[in-house]
Amino acid sequence: QVQLVESGGGLVQPGGSLRLSCAASGFTFSAYAMAWYRQAPGKEREQVAVITSAIFTQYAASVKGRGTISRDNAKNTLYLQMNSLKPEDTAVYYCARLSGGSYYNVPTNWGQGTQVTVSS
């Protein structure tokens, strides 16, 4: 079955950096678009970044220029590098597999999430 396991979250000071990882198994990783979402307390879950099976990327305006999504198909792993972190980046970050290889596909599988807290 599809499994997505995130890691790399934690407490970081404003202006700092983090790299989140998502280990995927149970499906042909390279064939699917993958995405990072986040959910802050009291807010709806939002898409942060998506990477297609053809390695095209798209970012939410809130992280554009500070975030980089990437994938290593040989390792079945998705990454999100976040720089210049702000307190408003504090959220639980989720890895998601989309229903196909493109941006417009919808998420069908989720990881358990990893907490990112940006605070001094």
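Modeller: This is a predicted model. Two strands count as paired if DSSP finds at least two bridges between them. Tyrosine 93 stands opposite threonine 114 in E11.

Colleague: How do you know that E9 and E11 pair, and in which sense?

Modeller: DSSP gives 3 bridges between E9 and E11, in the antiparallel sense. The cut-off is at least two bridges, so the two strands are called paired.

Colleague: What makes strand E2 a partner of E11?

Modeller: Strand E2 (residues 10-12) also has 3 bridges to E11, but in the parallel sense. Glycine 10 stands opposite valine 116 in E11. At least two bridges are required, therefore E2 and E11 pair.

Colleague: Which residues of E11 lie on its covered face, and which on the uncovered one?

Modeller: Thr114, Val116 and Val118 are on the covered face of strand E11 (residues 114-118), while Gln115 and Thr117 are on the uncovered one. In a regular strand, side chains alternate between the two faces of the sheet.

Colleague: Why are strand E1 and strand E7 called edge strands?

Modeller: The open sheet has 4 strands in the order E1-E3-E8-E7, with antiparallel pairing. Strand E1 (3-7) and strand E7 (67-72) each pair on one side only. For E7, the antiparallel pairing with strand E8 (residues 77-82) runs over 6 bridges, and threonine 68 stands opposite glutamine 81 in E8.

Colleague: Why is tyrosine 103 called partly exposed?

Modeller: Its relative accessibility is 32%. Buried means under 20% and exposed over 50%, so tyrosine 103 falls in between and counts as partly exposed. Tyrosine 103 sits in the loop between strand E9 (91-98) and strand E10 (107-110).

How values were computed: Residues numbered from 1 in each chain as written. Predicted model: local features only at pLDDT ≥ 70, side-chain atom pairs only at ≥ 80, totals over all residues. Heavy atoms only, no water. Buried < 20%, exposed > 50% of the residue type's maximum accessible area, 1.4 Å probe, protein only.
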